[in-house]
Amino acid sequence: MCGIVGFTSIQKQAAPILLDGLSKLEYRGYDSAGIAVRDGEKETEIVKAKGKLSELSQKTDEGRAVRGTCGIGHTRWATHGEPSETNAHPHSSDDGEVVGVHNGIIENYKEITERLIRHGYSFKTQTDTEVAIKLVDYYLKKYGSPAEAITRAMLRIRGSYALALMFKSCPGEIWAARKDSPLIIGVSGQDSFIASDVPAILKYTRTVYYIDNLEFAKLTPGNVTFYNIEGEEIEKESVTIEWDTEAAEKGGFEHFMLKEIHEQPTAVRDTLNSVIKDNRIDLSAAGIDDELLKEISRISIVACGSAWHVGVAAQYVIEDLARVPVRVELASEFRYRDPILEEKELVIIISQSGETADSLAALREAKGRGIRTLGIVNVVGSSIAREADNVLYTLAGPEIAVATTKAYSAQLAASYALAVALGRARGLIDDEKYAALIQDMLSIPEKIEKILSDKERIQWFASKFAGARDVFFIGRGIDYAICLEGSLKMKEISYIHSEAYAAGELKHGTISLIEDGILVIGVLTQQGLYEKTVSNLVEVKSRGAYLMGLTTYGHYAIEDTVDFNIYVPKIDEHFAASLAVVPLQLMGYYISIARGLDVDKPRNLAKSVTVE
Ligand code: G6P
């Protein structure tokens, strides 16, 4: 989703810093970019380009050609109006009094447009952003001060926004406002920054402020003042970012995705170490104790995309280990279907970014009904982290590639810890089983390392199937959850049509799509379901499918059925998703590379989906 950067200083040229910041936000997905920079009291210069950021860099000689020390920049991911230079941000009011960029969706933009037209405004673009900028301009002219104009506009706008604005009457100042879209502020010496995410400014400062919903701020060189929606000044504590820029760079790998696949052992280890102390699970940092765990009558897990797939795997693990009924829901469905929730229910929202619009809305839906919410979140200080009653952090570090890998694995690890703690608190896991489960959980990182050490075999197989048209993934139970994620990786980055099916369901229609040479990947990590899935593989083989098997070491008889097999180390079956997903991530990655695609920034996708 759109990325915002802003910078104001006494002496430093803004444009190169804005472009550098925007490049760190490329992972969010975008189709055009632009900057607006002001040199003292002179007119603001706006430069935009459709396509990659490199176009904008070229147009501005890497920013050097644009003079001035105060500016805002934006990468746009089209929502209203096609991707084009005209629709790219920044936008400005007709007389150039207000210039701004925006992330989010203004729901009542049509109604505001009509009103502004009645007041003599006209519009050059199809964007809801131009409407917001002109609304601020309208209030500025009516009430005279930027602060008053911003509060009025905030009260008028329905929807989500992170806005960065510059006013002709206030050289050297950037104003920022926020509701439901991410925005952070950083200060270092005589420099002030705003950004949609920390990596954009981490090179320059570690001191960051989180601006909350319905708050706004004024940035001057080296200084920031925060206001609530009443326009009253408020105090804020800064947060020090612990991770470094290297964590957000490629570090020798060809792509972020490959780097992040290799960071999975660390992400899982760090996440588990944060909740396992002296061989016991301790969720106190998340505000969770045994009393609370005993009380829970039911669980709803709500999420989007890969985080939802974690939920599907967690459902099997929690129900099996703790015998608590679990329902897994897509956040986009949950938020609108008037869900029936029990008083003692726990609603778990899983989200890497903590900013996914549907997941955040689902959280609010549950909270609004007085139901306890737990966020399993990666980004510290994100909206979901701040609004959930309890937060269990995944320690995956910054994830840049659009297709998630290490955050997914860290989310799985966090959900295992929760499942085991639940089962233990409810008296279903005795000492011996508890110790064994914890030991197996802690063995996940080194077992992932083992899988990664044999990646060439997967690379070879992937190159053979780079031209595939359709791929089917089949499995049962937790293996089905693994298939969902493997199939999504294939679609996201390889653009190959693929489907994940519960193996027993394939014959109810979808088997008609199986033809000679179609690749079917069977996942078989669950002993009790192994023979059943083998039978389903035989069914598709007899219809011409080419079979790949993914099972654990020891199940060598699989080679009698499949054409190609990958083995992963043995582990307690509840945790199998953490291992079996890795070869499937690598498959997606290598097929994407073999097809010459942009693996880190696949078409049409965004890392953090902050609109519905
Ligand atoms: C986007 C990303 C997915 C991610 C989903 C949910 O679609 O491309 O990789 O799984 O959003 O994101 P979240 O930040 O809530 O985990």
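**A helix pair and a cavity**

Helix α9 passes helix α13 in a right-handed crossing, a term used when the near helix is turned clockwise from the far one by less than a right angle. The model is predicted, so that local features need pLDDT of at least 70 and side-chain atom pairs count only at pLDDT 80 or more, while totals for chains, interfaces and linings use all residues. Residues are numbered from 1 along each chain as its sequence is written, and side-chain values use heavy atoms, with hydrogens and water left out.

Helix α9 covers residues 305-322 and helix α13 residues 406-425, and the two pack at an angle of about 20° with their axes 9 Å apart. The pair is therefore roughly parallel, since angles under 35 degrees count as such.

The largest cavity has a volume of about 60 Å³, and its lining residues, which have an atom within 4 Å of a point, include Cys-2, Trp-77, His-89 and Asp-128. Strand β6 (98-103) and helix α4 (128-143) are the elements that give two or more residues to this lining, which has 2 nonpolar, 8 polar and 2 charged residues.

Definitions and conventions
Axes fitted to C-alpha atoms, helices over the stretch in contact; angles between N-to-C directions. Helix = DSSP H or I, 4+ residues; strand = E, 2+ residues; numbered from the N terminus. Parallel < 35°, antiparallel > 145°, perpendicular 65-115°, else oblique. 1 Å grid on protein atoms, 1.4 Å probe; cavity = no way out; pocket = protein on both sides within 12 Å on 5 of 7 lines; lining within 4 Å. Points joined across faces, edges and corners; volume = space filled by probe spheres on them. Nonpolar A, V, L, I, M, F, W, Y, C, P; charged D, E, K, R; others polar.
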